[in-house]
Amino acid sequence: MQPVQEIYPLLSGPARRIVITTHQKPDADAMGSSLALKQLLIQLGHSVTVISPTNWAGWVNWMSGTDEVLDFEADRNACLEVIAEAEWIFCLDYNHFARTKAMEQPLREKEAIKILIDHHQEPDSPAFTYGISDTRKSSTCEMIYDFIVESGHADKINLTMAECIYAGLVGDTGSFRFPSAHEGVHRIVAELKAKGLSHTSIHENLFDNFLENRLRFIGHVLMNRMEIFYEYNTALIVIPKSDLLRFRIRTGDTEGLVNYPQSIQGIKLVALVIDRDEERKWSFRSKGDFDCNKFARKYFNGGGHFAASGGHSADSLDQTVRRFKEVLKENEALLK
Ligand code: 5GP
Ligand code: MN
């Protein structure tokens with residue numbers, strides 16, 4: 001993988017057919033970075049399509065351009081045609097093509113210039129032509145901001161781009177509370193505010209945009225589906241499929257649920273598992289010195305960041321929960 005800076009001179013060159021891809025179930029950072037980059041590249045005269053591997057949460061639909069994003073699962077043939085024509089493929093907010101689900105094979109096989117911009121640990125660098133992978137960055141949106149400024153296009157950041165970038169900063173820093181919200185992040189926010197950004201509207205769009213059933217669901221889950229293991233300073237939430245059906249849970253409704261148990265004094269690790277149709281999906285969050293990335297990688301086919309990671313299992317819900325409880329014992333010393 002060559003340094004991403006080598007692509008800067010090419011940005012102002014001849015028009016290219018460009019595809020921007022991101023990880024499955026894109027969150028505010030994934031969608032925000034993709035749409036902000038798209039708006040830059042369009043201004044530079046390129047033709048650009050954003051493809052998401054799957055559908056996404058309704059609470060990112062306010063971002064300018066979501067109505068033109070293609071969903072690979074829903075519209076496979078159209079997406080394959082666009083990928084076949086692409087000269088450049090940007091890969092945002094993921095470190096490995098496996099994070100794009102059914103798009104993995106087509107993306108791997110396609111001969112094109114592939115550009116990685118990401119902040120997850122242990123990227124599959126040889127798979128990309130150019131790129132930057134920096135785990136110190138709060139979000140891919142921060143990296144897209146840097147990309148735009150460093151490549152000499154700061155003047156092209158308009159209000160809708162500022163809104164997309166801000167959403168990713170908010171999403172990935174837990175509204176600026178995680179250690180990743182370093183000084184530079186706040187400086188970027190100041191620059192975005194200077195573009196006319198109304199930060200209050202973005203917070204409302206992201207967090208005050210759910211239906212009643214989602215709040216009832218959270219109440220039910222915290223009351224009935226959360227177990228605390230004080231001997232391991234760990235909280236576990238297990239969500240069976242019947243709960244998802246009962247509360248008519250949609251993509252994105254479970255976002256943020258994993259953060260609630262962190263408010264309990266002394267909790268170091270929170271684990272959440274959801275019984276999805278195709279797999280059991282794990283989320284992990286930690287405080288202090290417990291490495292969630294390592295944990296997800298070692299036991300649950302996953303990865304992510306030090307304090308936030310995820311994984312998945314093909315086992316039944318009962319089996320994967322049993323496995324979790326076993327590995328909790330193995331990790332006792334790390335959780336003290
Ligand atoms: P979340 O719990 O919000 O789904 O994910 C937290 C972090 O872990 C995100 O940065 C996400 O990219 C990463 N992550 C989630 N699931 C997986 C997975 O199955 N594999 C890998 N490698 N990373 C994951
Ligand atoms: Mn991210």
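The model in the viewer is a predicted one.

**Stop 1: the contact.** On the α5 side, pick C141, E142, Y145 and I148. They meet M161, C164, I165, G168 and L169 of α6. Which kinds of residue make up this contact: nonpolar, polar or charged? It holds 7 nonpolar residues, 1 polar and 1 charged.

**Stop 2: the whole chain.** Clear the selection and switch to a cartoon view. The protein chain has 12 helices and 13 strands. Its C-alpha atoms fill a box of roughly 60 × 40 × 40 Å along the principal axes. What radius of gyration does the chain have? The value is 20 Å, which agrees with the figure near 20 Å for a compact globule of 336 residues.

**Stop 3: inside and surface.** Now show the surface. The protein chain exposes about 15,000 Å², and carbon and sulfur atoms supply 49% of that area. Of the 336 residues, 52% are buried.

**Stop 4: contacts along the sequence.** Colour the chain from its start to its end and look at which parts touch. Among contacts with a separation of 6 or more, 66% join residues 24 or more positions apart.

Conventions: Residues numbered from 1 in each chain as written. Chains lettered and ligands numbered in written order. Predicted model: local features only at pLDDT ≥ 70, side-chain atom pairs only at ≥ 80, totals over all residues. Heavy atoms only, no water. Contact = heavy atoms within 4.5 Å. Helix = DSSP H or I, 4+ residues; strand = E, 2+ residues; numbered from the N terminus. Nonpolar A, V, L, I, M, F, W, Y, C, P; charged D, E, K, R; others polar. Rg over C-alpha atoms; globule rule 2.2 N^0.38 Å. Buried < 20%, exposed > 50% of the residue type's maximum accessible area, 1.4 Å probe, protein only. Areas by Shrake-Rupley, 256 points an atom, 1.4 Å probe, with all protein chains shown as cover.
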